[in-house]
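Hi,

Here is the structure I promised to pass on. Have a look at it first, and then read my notes below.

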Amino acid sequence: MTGAGHSATIEKLIAGLNQGDIGVMDEVFHDDALMDWPQFSERIRGAENRRRVYGNIPTLPTITTRRIFGEGDLWIAEATLDYGEGAIFSTVLIFEFRDDRIARETAYWATPGPPAEWRAAWVERL
């Protein structure tokens, strides 16, 4: 699959999750795929565990993509996850592909905070 194809797979995943369709994960992940969440020291192994975890998430976030980029079988998505009621996280999702499907996803989340005033003269505020 071309790079454009891997990007389209990630976009399909995000669009499906934004519609509340966790079944899209079965379309884009391999059945034996791993999902690593290092900051929680957790790994989800395989389709059945993935279905159970995502099927029990109280509220799926709205995912707003900042950018998707990569090369070969390694792709990255930067995004914002909005769980509502002020629960917003910046995230980096690292996707490793095997053939045309996701074999591994590693996710990192961070809570945005206010910028430090002392840096204001040297930075651009987005």
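One term before we start: a residue is buried if it has under 20% relative accessible area, exposed if over 50%, and partly exposed in between, using a 1.4 Å probe and protein chains only. Keep in mind that this is a predicted model, where local features need pLDDT of at least 70 and side-chain atom pairs count only at pLDDT 80 or more, while totals for chains, interfaces and linings use all residues. Residues are numbered from 1 along each chain as its sequence is written, and side-chain values use heavy atoms, leaving out hydrogens and water.

Let's start with the aromatic rings. Rings of Phe, Tyr and Trp (for Trp, the six-membered ring) pair if their centres lie within 6.5 Å; planes under 30 degrees apart are stacked, over 60 edge-to-face, and the rest tilted. There are four such pairs here. In one, the ring centres of W37 and W109 are 5.4 Å apart and the planes sit at 80 degrees, so this pair is edge-to-face. It ties together distant parts of the chain, as W37 is in strand β1 and W109 in strand β6, 72 residues apart. (Strands are DSSP runs of E with at least two residues, helices are runs of H or I with at least four, and both are numbered from the N terminus.)

Are these two buried or exposed? W37 has 12% relative accessibility, so it counts as buried, and W109 counts as buried because its value is 17%. W109 also makes a tilted pair with F40, at 5.5 Å centre to centre and 40 degrees between the planes. F40, at 47% relative accessibility, therefore counts as partly exposed. W37, F40, Y54 and W109 form one aromatic cluster.

Next, the helix α1. Its 16 residues should span 22 Å at 1.5 Å a residue, and its end C-alpha atoms are 23 Å apart, which agrees. (The expected span is 1.5 Å times one less than the number of residues.) Among the buried residues of α1 are I10, L13, I14 and L17. After α1 comes G20, with a positive phi near 80 degrees.

Finally, which residues lie nearest the centre of the largest pocket? They are L17, Y54, L81, Y83 and W109, out of 17 lining residues. (A pocket is an open set of points on a 1 Å grid over the protein atoms alone, where a 1.4 Å probe fits, with protein on both sides within 12 Å along at least five of seven lines; lining residues have an atom within 4 Å of a point.) α1 gives the largest share of that lining, three residues.
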